[in-house]
Amino acid sequence: MTSEQRAHADRLRALPLEPILAQSGARPDPRDPCKWHTARGVLSARAATFFNWHCGTGGGGAIDLVIHLHQLSFPAALGWLEQHGTPSATDPPASGPSSPLRLPIPAPGRFHALRRYLVEQRALPHSLVDALTASGDLYPDSRANAVFLLRDAHGQPIGAELRGTGPIPWRGMAPGSRKDLGCFSFPPFPRPNVILCESAIDALSCHLLHPDHRALSTAGARPNPAWLPDLLAQGCRLHCGFDLDPTGQAMAQAMIALHPSIQLFPPPLHDWNDALRARSPQLSP
């Protein structure tokens, strides 16, 4: 491990434990703020250390906690924290969950770069990209990043997923996004069958492969977004379609442990966009 990699691991290790527990589907004990109920039993978290009373083991730092909760290897735990753990690991800086939403300013002049990326590299149909931009659910910012709006139950924007369209892969969230208040979904109107995906592009790809289903993005492999119980209460038949990798499947199992009525429905390849691109002869998965 290089000095730069060690420094990066140290930054991830120093992340606060409570948001990671919440992102992992753990429930805080109402009588003890240090006690959390997890899929692996009750554990106590104080400062940077934790101890699982059910397993009789503990550790220190965010990496150890992710390894313990999700039974991941050290590299997989780093990946979990980078991509799905806590917003501070990957998202643009924000002052906190109550900070005002700051959506990127639309840049219509970058639309062709956005459209080219989504059509030529992601295999999304021209008609779908055009429809999303016409509805305002998708637009380019000044850097040609794809901005996918998250909407609440009333259709109001409460955040945005950002995806880079350049040669260097990049993803993030608009500052002030409230991922637990809503999501990106397609189609936007209710349907009885729902597939939960890790990103907006995956949700669109999944719907194209299963057009009788509504596909929702959880904006990362999050096992228990706050809007999920309401969706279950509506009587929808939910399927978890997180990525076919250790992190995605660990988060899927955590979701099912919390909500047993949800069924596992992984993509046939690593993610739904890989599966969509595999069906396009001019593109490689």
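Q: How many residues of S11 are buried?
A: S11 is mostly covered, with 5 of its 5 residues buried. Buried means under 20% relative accessible area, exposed over 50% and partly exposed in between, with a 1.4 Å probe and protein chains only. This is a predicted model, in which local features need pLDDT of at least 70 and side-chain atom pairs count only at pLDDT 80 or more, whereas totals for chains, interfaces and linings use all residues. Residues are numbered from 1 along each chain as its sequence is written, and side-chain values use heavy atoms, with hydrogens and water left out.

Q: Which residues of S11 lie on each side?
A: Asn-193, Ile-195 and Cys-197 are on one side, and Val-194 and Leu-196 are on the other; both faces are covered. In a regular strand the side chains alternate between the two faces of the sheet.

Q: Which strands does S11 pair with, and in what sense?
A: S11 (residues 193-197) pairs in the parallel sense with S12 (residues 214-217) over 4 bridges. S11 also pairs in the parallel sense with S13 (residues 237-240), again over 4 bridges. Two strands pair if DSSP finds at least two bridges between them. Strands (E, at least two residues) and helices (H or I, at least four) are DSSP runs, numbered from the N terminus.

Q: Which residues are the bridge partners there?
A: Val-194 has Arg-214 of S12 as its bridge partner, and Ile-195 stands opposite Ala-215 in S12. Towards S13, the partner of Leu-196 is Cys-240.

Q: And what is the strand order of that sheet?
A: The open sheet has 5 strands in the order S10-S12-S11-S13-S14, with mixed pairing. S10 (184-186) and S14 (263-264) are the edge strands, each pairing on one side only. Helix H8 (residues 200-209) packs on this sheet, touching S10, S11 and S12, and its direction makes about 170 degrees with that of S12. Contact means heavy atoms within 4.5 Å. Axes are lines fitted to C-alpha atoms, for helices over the stretch in contact, and angles run from 0 to 180 degrees between N-to-C directions.

Q: Is H8 enclosed or open, and why?
A: H8 is largely enclosed by the rest of the structure, because 9 of its 10 residues are buried. Among them are Asp-202, Cys-206 and His-207.

Q: Changing topic: what is the volume of the second largest pocket?
A: The second largest pocket has a volume of about 530 Å³. Of the 21 residues lining this pocket, the closest to its centre are Arg-151, Asp-152, Ala-153, Cys-183 and Arg-214. On a 1 Å grid over the protein atoms alone, a pocket is an open set of points with protein on both sides within 12 Å along at least five of seven lines, and lining residues have an atom within 4 Å of a point. Grid points are joined across faces, edges and corners, and the volume is the space filled by probe spheres set on the points.

Q: Which elements give two or more residues to that lining?
A: They are S7 (146-151), S10, S12 and helix H9 (228-233).

Q: What about Ala-146, buried or exposed?
A: Ala-146, which is found in S7, counts as buried because its relative accessibility is 0%. Leaving aside neighbours within four places in sequence, its contacts include Leu-114, Tyr-139 and Arg-163.

Q: Finally, what is the order of the S1 to S5 sheet?
A: This open sheet runs S1-S2-S3-S4-S5, with antiparallel pairing.

Definitions and conventions: On a 1 Å grid over the protein atoms alone, a cavity is a set of points where a 1.4 Å probe fits but cannot get out, and a pocket is an open set with protein on both sides within 12 Å along at least five of seven lines; lining residues have an atom within 4 Å of a point.
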